[in-house]
Amino acid sequence: VLGRRDLKIIAASITMQAPATCKPDAPVTITWSGPNHNGDYITIVKKGTPDGTYGKYTNTTKGSPMTVVAPKDLGDAEIRYCSGQGNVVLARIAIKVEP
């Protein structure tokens with residue numbers, strides 16, 4: 001070992017705001033802040049969808065606020081901020097798809 005240096009890893013700070021409900025297959029306006037790394041995106045999926053799976057999405061390079069199209073299925077859903085490195089979900093908030 002020729003040298004050492006302490007390294008502190010901190011979690012990304014991400015916030016998202018959106019309406020509590022939306023219409024099926026309709027655009028949802030989302031205000032967000034986060035790391036905005038290359039390939040990061042926000043998606044809306046039915047609650048219980050496995051992490052790493054995404055529906056319609058918008059890349060974070062589009063800025064904030066952005067719109068993402070809601071799923072067609074009615075019921076509980078999640079808005080997810082996902083990393084462009086491996087589709088890891090970094091943050092999520094609830095939304096309900098209603099007629």
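The protein chain of this predicted model has 0 helices and 8 strands, where helices (H or I, at least four residues) and strands (E, at least two) are DSSP runs, numbered from the N terminus. Read along the sequence, the pattern is therefore β-β-β-β-β-β-β-β. Residues are numbered from 1 along each chain as its sequence is written. Because the model is predicted, local features need pLDDT of at least 70 and side-chain atom pairs count only at pLDDT 80 or more, while totals for chains, interfaces and linings use all residues, and side-chain values use heavy atoms, with hydrogens and water left out.

Taken along the principal axes, the C-alpha atoms of the protein chain fill a box of roughly 65 × 25 × 20 Å. Of the 99 residues of this chain, 31% count as buried, a word that stands for under 20% relative accessible area, with exposed meaning over 50% and partly exposed lying in between (1.4 Å probe, protein chains only). Among contacts (heavy atoms within 4.5 Å) with a separation of 6 or more, 60% are accounted for by residues 24 or more positions apart.

Strand β3, residues 27–33, pairs with β6 in the antiparallel sense over 4 bridges, and two strands count as paired if DSSP finds at least two bridges between them. Within this pairing, Ile-30 has Met-66 of β6 as its bridge partner.

What lies on the two faces of strand β6? In a regular strand the side chains alternate between the two faces of the sheet. In β6, residues 66–69, Met-66 and Val-68 form the covered face, whereas Thr-67 and Val-69 form the uncovered one.
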